[in-house]
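Colleague: Would you kindly take me through one part of this structure in detail, namely the aromatic rings and the contacts they make? I am new to it and would value a connected account.

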Amino acid sequence: MLDHTSRFIGAFTGLAVGDAFGYPCREMTFEQICARFEKRGCLRLAISGKTGTALFADTTQMSLFTTDGILWAALTQNDEGINYSEYVFYAYQMWLYTQTRTVAGDEYTWLFDKNANPYRSKLLKTKGMYRNRYPTSANVDMLARMRGQAYGKINAPLNKLWDTGAIKRVLAAGLFFNYDTQLAFRAGADFSAITHGSPISYLSSGFYCAVIAGLVNNKSFDEAIAAAVEILQMYQGHENVLHVIKQVQTYLDDKHMSPIAAISHIGTDDHAAQALGIALFSAALFEDSFENAIRLSVNHDGRSDVCGALCGGLLGAYHGREFIPKKWLAKMSYIRLIEDIAISLAEVSYFDEGEEDIPDGEFAVSDTDYDSIESLDITEELKPIDPYAEANADDTVELPEPQSLDSIKL
């Protein structure tokens with residue numbers, strides 16, 4: 001049986017690869033994707049002309065910051081219990097700073113003061129985390145308003161947002177709380193509700209984390225989905241999410257419907273439950289082929305980057321790091337940092353089987369493995385910048401030349 005550390009690494013690297021695969025076609029229809037790439041769609045990673053690597057979007061960035069919040073909370077020992085959502089919220093304020101050079105208020109400047117905040121985030125020292133990768137406007141706008149820790153909660157929602165801005169960042173909750181599927185579900189929902197108040201959003205996020213927890217513990221896709229459905233039905237407002245999941249289960253059993261037709265019926269709007277459905281359908285249908293699953297998950301009218309990332313996270317959690325194609329991992333930017341964060345999360349996580357060995361040597365990561373910032377000083381006045389400006393020059397991609405690739409029945 002695979003060890004948990006391999007599954008953690010697989011989940012994070014799978015998410016990053018799926019995110020990068022869908023990044024250049026994230027706002028295109030399937031017709032536009034086919035016109036820009038190949039006749040059957042986007043079939044391989046697009047590479048940055050400047051860096052020579054595949055670039056991930058804000059899905060990977062925010063997933064890493066969610067993990068940072070969990071790591072910070074897990075390393076904080078006290079007798080009163082730990083509010084993981086609070087630490088994840090602080091981590092999101094750090095992410096907001098990397099994208100806008102500002103935070104919601106002066107009360108958060110202590111986060112960047114090494115004397116006031118003993119936690120040392122590797123992400124804040126990594127130049128690549130400061131690059132603008134088309135952050136979801138809802139995440140930026142909501143986090144920028146949250147003065148005095150007034151973040152959203154399931155029982156005190158701030159809005160009715162149901163887009164994919166929250167579900168794409170909660171992978172770490174399913175991994176860290178893998179030993180208790182109900183807890184994994186609740187943590188994913190809580191982290192989502194920080195910015196997104198619709199049950200469609202936070203229950204989709206919770207469902208995704210519950211499935212991740214099941215897959216990490218060697219359940220099949222059918223078993224993991226069935227267990228998550230039982231938990232989902234305990235929550236008020238679950239009907240819309242359950243409808244999508246029932247569609248997924250029906251189409252997985254229908255041998256006559258084409259995959260593309262099934263995805264069009266699941267839905268391709270910027271909608272959390274639909275993105276969840278596309279990712280689950282793609283991963284479960286092609287559970288033994290990462291490449292085919294990712295290709296299916298990004299080639300449609302919906303949010304290609306989010307669906308690809310969610311699909312990659314599922315398959316990585318199920319099969320472990322060796323399942324992610326090495327030819328794609330070799331092209332990824334900041335892959336060593338991503339692996340390092342995954343290992344750090346495994347080190348502080350609890351597993352039913354007891355302690356397990358954490359790999360060293362091959363996976364030992366130092367600051368020299370990624371661009372590092374020596375120190376961070378934001379004592380000067382925080383000044384907002386436009387978070388929706390065009391991506392940096394080195395984020396432009398060269399489209400791959402058409403070539404013959406293994407066929408996927410689209």
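Modeller: A charge is said to sit over a ring if NZ of Lys or CZ of Arg is within 6 Å of the ring centre and within 35 degrees of the ring normal. In this predicted model, Lys 153 lies over the face of Tyr 151, 4.2 Å from the ring centre. Tyr 151 in turn belongs to a cluster linked by ring pairs, together with Trp 72, Tyr 87, Phe 89, Tyr 90, Tyr 108, Trp 110 and Tyr 119. The charged end of Arg 133 is likewise placed over a ring, that of Phe 56, at 5.3 Å from its centre.

The pairs of rings come next. The count of aromatic pairs comes to 20. One of them joins Tyr 23 and Tyr 134 edge-to-face, with 6.2 Å centre to centre and 65° between the planes. Tyr 23 lies in the loop between α1 (4–22) and α2 (30–36), and Tyr 134 in the loop between α4 (84–100) and α5 (137–145), so this pair ties together parts that are 111 residues apart in sequence. Tyr 23 is buried, at 3% relative accessible area, whereas Tyr 134 is partly exposed, at 29%.

Phe 89 and Tyr 108 also form an edge-to-face pair, 5.6 Å centre to centre and with 75° between the planes. Because Phe 89 lies in helix α4 and Tyr 108 in the loop between α4 and α5, their pair ties together parts that are 19 residues apart in sequence. Phe 89 is buried, with a relative accessible area of 0%, and Tyr 108 is buried with a value of 1%.

Key. Residues are numbered from 1 along each chain as its sequence is written. This is a predicted model: local features need pLDDT of at least 70, side-chain atom pairs count only at pLDDT 80 or more; totals for chains, interfaces and linings use all residues. Side-chain values use heavy atoms; hydrogens and water are left out. Rings of Phe, Tyr and Trp (its six-membered ring) pair if their centres lie within 6.5 Å; planes under 30 degrees apart count as stacked, over 60 as edge-to-face and the rest as tilted. Helices (H or I, at least four residues) and strands (E, at least two) are DSSP runs, numbered from the N terminus. Buried means under 20% relative accessible area, exposed over 50%, partly exposed in between (1.4 Å probe, protein chains only).
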